[in-house]
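Biologist: I would like to go through this model and hear the grounds for each label. Please set each value against its cut-off.

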Amino acid sequence: KQKYRIAILPGDGIGPEVMREAYKILNILKNDFLLPLEFQEFNIGGIAIDNEGLALPKKTLLGCENADAILFGSVGGKKWDTLPIDQRPERAALLPLRKHFNLFANLRPAKLYSELEYLSPLCSKITKNGFDILCVRELTGGVYFGHPHGRVKKDDIEYAFDTEVYYDYEINRIAHLAFQLARNRKNKVCSIDKSNVLNSSLLWKEIVEKVSNSYSDVRLSHLYIDNATMQIIKNPNQFDVLLCSNLFGDIISDECAAISGSIGMLPSASLNENNFGLYEPAGGSAPDIEGKNIANPIAQILSVSMLVRYGMHLTKIADQIDKSVISVLKRGYRTADISNNNNYLKTHEMGDVIADALINGK
Ligand code: NAD
Ligand code: IPM
Ligand code: MN
């Protein structure tokens, strides 16, 4: 059987802590499910700056190029926040990695697990019908990458600037994907923009409209970003697929995380046109809980599930991983972020119960 190589990039903060738990799942897939997996680990982010002098070392990039998929933890932290912005882990490792592999499509599913309903900050009147939202975020364009950008100090004034640029083809391809994904869901796409103010948003809206003509079975609506943040809180159940630009999707996906209970639950997949992907939790390196062994490993474990689903196309096995997570939630296992009392599992214990559920088909 041909090997399936996964480049593993734990990164900083809680990254290595939750990656350790993802390994438990990966090893079960390899040793018990007999998937032909091969893992190789590389430095990235702050730890790579410390060890190799660069946030994205050549060796890491090469390792990713030689892999079939990337499993990513998180990067960044206080220690590197004083570096010039272009050298920091976020801008010097994660963004170039996304750009290098042209990972334009970031899928961030957020749903309210019935077991965790009590966790949502929304009142039960709103959450009673649950919600299941797929945030489709454009990931390699927009204000994150537009030129010019920079910072200037001249005499006694200082200014800084970033540019939001969207090419028609960038909007086109992410819109097509959003409509296609909606077809396997509830056939609804809501596109989010600020077309009452921004040129880039107006082009976004026009192209999404045009693309929608090829998907007459999918219902398209539009919301301005400011209103969208309100409507998501007032009635998340009305939404199916949210189609967003890079920055708006970054914000909206954290909002969806918050109303589903914890960002520690949210995985993501970043894909390119050839279906090569980087899989990572939607949240970050969580410096406030780093080293305490209390981080929730579920987002990282569900990122493995997304890798198996979107990268390997092994839907049934991905379903089994998801089922194992739901099964431990059903049986009352919680990490600190999703517990409503002082009784909770440590990071490695949560990894163990999920691994056990997967092995035993629970
Ligand atoms: P964050 O997502 O790291 O943390 C926000 C809050 O969520 C914190 O209270 C944190 O404890 C909590 N949280 C996050 N993941 C959790 C988990 N698995 N279990 C339990 N709680 C969890 O966002 P931030 O604090 O704004 O950023 C911290 C650092 O992470 C910054 O350097 C930022 O740039 C970086 N960051 C990296 C990524 C990434 O690598 N993909 C994503 C977001 C932020
Ligand atoms: C995310 C993060 C990143 C982003 C940062 C760390 C560059 O917030 O993946 O959501 O803004 O895309
Ligand atoms: Mn973010």
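Biologist: How many Å separate the centres of domain 1 and domain 2?

Modeller: This is a predicted model. Taken over C-alpha atoms, the centres of domain 1 and domain 2 are separated by 24 Å. Domain 1 consists of 1-107 + 267-362, and domain 2 of 121-260.

Biologist: How many residues of domain 1 are in contact with domain 2?

Modeller: 11 residues of domain 1 are in contact with 15 residues of domain 2. Contact here requires C-beta atoms within 7 Å. On the domain 1 side, helix H4 (89-100) and strand S4 (105-111) are the elements that give two or more residues. By class, that side of domain 1 has six nonpolar, three polar and two charged residues.

Biologist: Why is Arg 98 called buried?

Modeller: A residue is buried if 20 or more other C-beta atoms lie within 10 Å of its own. Arg 98 has 21 other C-beta atoms within 10 Å, so Arg 98 is buried. The place of Arg 98 is in helix H4. Beyond its neighbours within four places in sequence, Arg 98 is in contact with Leu 103, Leu 139, Thr 140 and Ser 270.

Biologist: What makes Arg 137 buried?

Modeller: The cut-off is 20 or more other C-beta atoms within 10 Å. Arg 137 has 28 other C-beta atoms within 10 Å and therefore counts as buried. Strand S5 (residues 132-138) holds Arg 137. Not counting residues up to four places away in sequence, Arg 137 touches Asn 106, Arg 108, Cys 244, Asn 246, Gly 249, Asp 250 and Ser 253.

Biologist: Which residues does the UniProt annotation "binding site" cover?

Modeller: In the unreviewed UniProt entry, that annotation covers Arg 98, Arg 108, Arg 137 and Asp 226. They are spread over 129 residues of sequence and also in space, up to 26.8 Å between C-alpha atoms. The UniProt record also places the feature "domain: Isopropylmalate dehydrogenase-like" (unreviewed entry) at residues 5-354. Over residues 5-354 the chain is 40% helix and 21% strand, with the end C-alpha atoms 23 Å apart.

Biologist: Which residues come nearest to ligand 1?

Modeller: Of the 22 residues around ligand 1, Gly 76, Gly 264, Gly 283, Gly 284 and Asn 296 come nearest. The shell around ligand 1 has 10 nonpolar, eight polar and four charged residues.

Biologist: Which residues are around ligand 2?

Modeller: Gly 76, Glu 90, Leu 94, Leu 95, Asp 250, Ala 282 and Gly 284 are around ligand 2. The largest share of this shell, three residues, comes from H4. By class, the shell around ligand 2 has three nonpolar, two polar and two charged residues.

Biologist: Which residues have the most contacts inside the largest nonpolar core?

Modeller: They are Ile 25, Ile 70, Leu 71, Val 136, Ala 178, Leu 242 and Leu 243, in a core of 108 residues. Helix H10 (residues 298-311) gives the largest share of this core, eight residues. The core draws at least three residues from each of domain 1 and domain 2. Leaving aside its neighbours within four places in sequence, Leu 71 is in contact with Ile 6, Ile 8, Ala 22, Tyr 279, Ser 303, Val 304 and Leu 307.

Biologist: How do you know whether Trp 204 is buried or exposed?

Modeller: Buried needs 20 or more other C-beta atoms within 10 Å, and exposed means 12 or fewer. Trp 204 has 30 C-beta neighbours inside 10 Å, so Trp 204 counts as buried. Trp 204 is found in helix H7 (residues 199-212). Leaving out residues up to four places away in sequence, Trp 204 touches Tyr 166, Ile 171, Asp 193, Ser 195 and Ser 245.

Biologist: Why is Asn 187 called partly exposed?

Modeller: Partly exposed lies between the exposed limit of 12 or fewer and the buried limit of 20 or more. With 14 C-beta neighbours inside 10 Å, Asn 187 therefore counts as partly exposed. Asn 187 is in the loop between helix H6 (168-183) and strand S8 (188-193). Its phi is near 55°, a positive value in a residue other than glycine.

Biologist: What makes Ala 286 buried?

Modeller: Ala 286 has 24 C-beta neighbours inside 10 Å, and the buried limit is 20 or more. Ala 286 therefore counts as buried. Ala 286 lies in the loop between strand S12 (277-281) and H10, and phi of Ala 286 is near 40°, also a positive value in a residue other than glycine.

How values were computed:
Residues numbered from 1 in each chain as written. Chains lettered and ligands numbered in written order. Predicted model: local features only at pLDDT ≥ 70, side-chain atom pairs only at ≥ 80, totals over all residues. Domains from an automatic or database assignment. Contact = placed C-beta atoms within 7 Å. Helix = DSSP H or I, 4+ residues; strand = E, 2+ residues; numbered from the N terminus. Nonpolar A, V, L, I, M, F, W, Y, C, P; charged D, E, K, R; others polar. Core = buried A, V, L, I, M, F, W, Y, C linked by C-beta atoms within 7 Å. Near = placed C-beta within 6 Å. UniProt positions renumbered as here; feature names shortened; annotations may be inferred.
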